[in-house]
Amino acid sequence: MSVETARKAVDLAVKNGGKRLGLIFFGGEPLLCRGLIEETVAYAREKAKEDGREKFFHKLTTNGLLLDEAFLRYARENDVFIALSLDGTEKAHDAHRKLAGGGPTHGRVAEAAERLLLSFPYAPALMTVNPDTVQYYCQSVEYLYALGFRYIVCSLNYAADWDKTALGELKRQYNEMASFYYEHSVAEDKFYLSPFEVKISSHVHNKTYCHERCELGQHQLSVSPDGGIYPCVQFVGDGRYQIGGVYNGIDEEARAALYVRNEREKPGCDVCSIQKRCNHYCACLNKQATGSIDAVSEVLCAHERIILPIADRVAARLYKKRSPMFIQKHYNDFYPLISLAEDKTAKSRPPG
């Protein structure tokens with residue numbers, strides 16, 4: 001992406017966005033374009049000041065290979081939030097995250113994780129689980145926690161070939177993770193572990209994650225290197241889902257039509273008992289797995305039926321025990337603000 005295109009994206013956000021605006025840098029690997037990030041952040045700061053609004057917030061997801069002390073210092077000084085892609089144990093991570101020549105990356109990423117957590121103690125780890133690594137799922141969560149991560153976001157690769165054996169192992173792993181979740185909640189440890197948090201919240205607040213956070217193109221837009229605008233990062237480059245460009249603006253009709261289309265109930269889902277708590281509305285997952293936002297993959301359906309009863313059982317145990325951390329996390333409306341305030345006091349601590 002050129003600097004000009006990035007600036008146009010910022011201009012469009014200022015013109016069309018609400019009170020609080022954010023920039024998320026994604027790839028590929030965004031740290032390959034470190035200069036562009038720094039120029040865009042500086043430009044966004046200027047535009048916010050000119051417009052008399054709150055400053056932008058900035059987020060970045062990296063594989064860690066280029067995450068050095070210099071960029072961490074820059075991130076602290078400019079309030080850039082960093083998430084690290086780390087798939088857990090060495091075997092789990094190196095199965096799919098390799099160097100161009102096929103070499104392993106786990107050792108280097110683990111070192112980057114230690115540097116990151118010194119500067120940002122509440123930085124999240126993003127973990128992707130595949131059928132051939134699902135056997136390490138719980139072990140990898142425990143590894144990330146031992147490494148120091150307290151925000152662990154786990155996602156399945158829904159486009160992969162999940163057969164009956166892999167799904168059976170997934171269920172076994174979630175049952176193990178339920179014990180981990182219970183023990184650390186009872187111990188009053190502050191942590192976030194998806195998908196348990198998401199599924200428990202879907203019961204307490206009667207909202208799915210996608211309805212609450214994403215709403216396909218309503219709260220977040222993605223910009224391609226050539227300036228095209230899309231409703232989410234998963235759609236970038238697919239002209240069927242382009243809803244404008246930074247040089248000619250947002251096509252509001254196309255944006256609204258895409259949202260309405262995605263809100264239509266998927267075939268067969270209207271009679272499902274877990275319909276209101278399922279991620280079947282997530283257009284990104286549907287497109288990743290089926291190539292279309294109009295169809296739900298069998299893998300997603302199977303995953304939701306596996307995780308929900310396990311998450312509900314551990315939540316019921318914690319509620320019955322009146323675990324203070326669990327009650328605060330899921331029943332105190334002010335907890336996100338309290339947690340954020342705690343994180344802000346710690347996340348920008350200089351190393352040493």
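Predicted model: local features only at pLDDT ≥ 70, side-chain atom pairs only at ≥ 80, totals over all residues.

Reader: How are two packed helices described?

Author: Two packed helices are described by the angle between their axes and the distance between the axes. Here the axes of helix H3 (residues 69–78) and helix H5 (residues 106–119) come within 10 Å and cross at roughly 25°. Axes are lines fitted to C-alpha atoms, for helices over the stretch in contact, and angles run from 0 to 180 degrees between N-to-C directions. H3 and H5 are therefore roughly parallel to each other (angles under 35 degrees).

Reader: Which residues of H3 and H5 meet?

Author: Glu69, Leu72 and Arg76 of H3 meet Arg115, Leu116 and Ser119 of H5, where contact means heavy atoms within 4.5 Å.

Reader: Is His303 buried or exposed?

Author: His303 is buried, at a relative accessible area of 3%. Buried means under 20% relative accessible area, and exposed over 50% (1.4 Å probe, protein chains only). His303 lies in helix H12 (residues 298–321).

Reader: How do strands E2 and E3 run?

Author: Strand E2 (residues 57–62) and E3 run parallel, joined by five bridges; two strands pair if DSSP finds at least two bridges between them. Thr61 stands opposite Ala83 in E3. Five of the six residues of E3 (residues 80–85) are buried, so this strand is largely enclosed by the rest of the structure. Helices (H or I, at least four residues) and strands (E, at least two) are DSSP runs, numbered from the N terminus.

Definitions and conventions: Residues numbered from 1 in each chain as written. Heavy atoms only, no water. Parallel < 35°, antiparallel > 145°, perpendicular 65-115°, else oblique.
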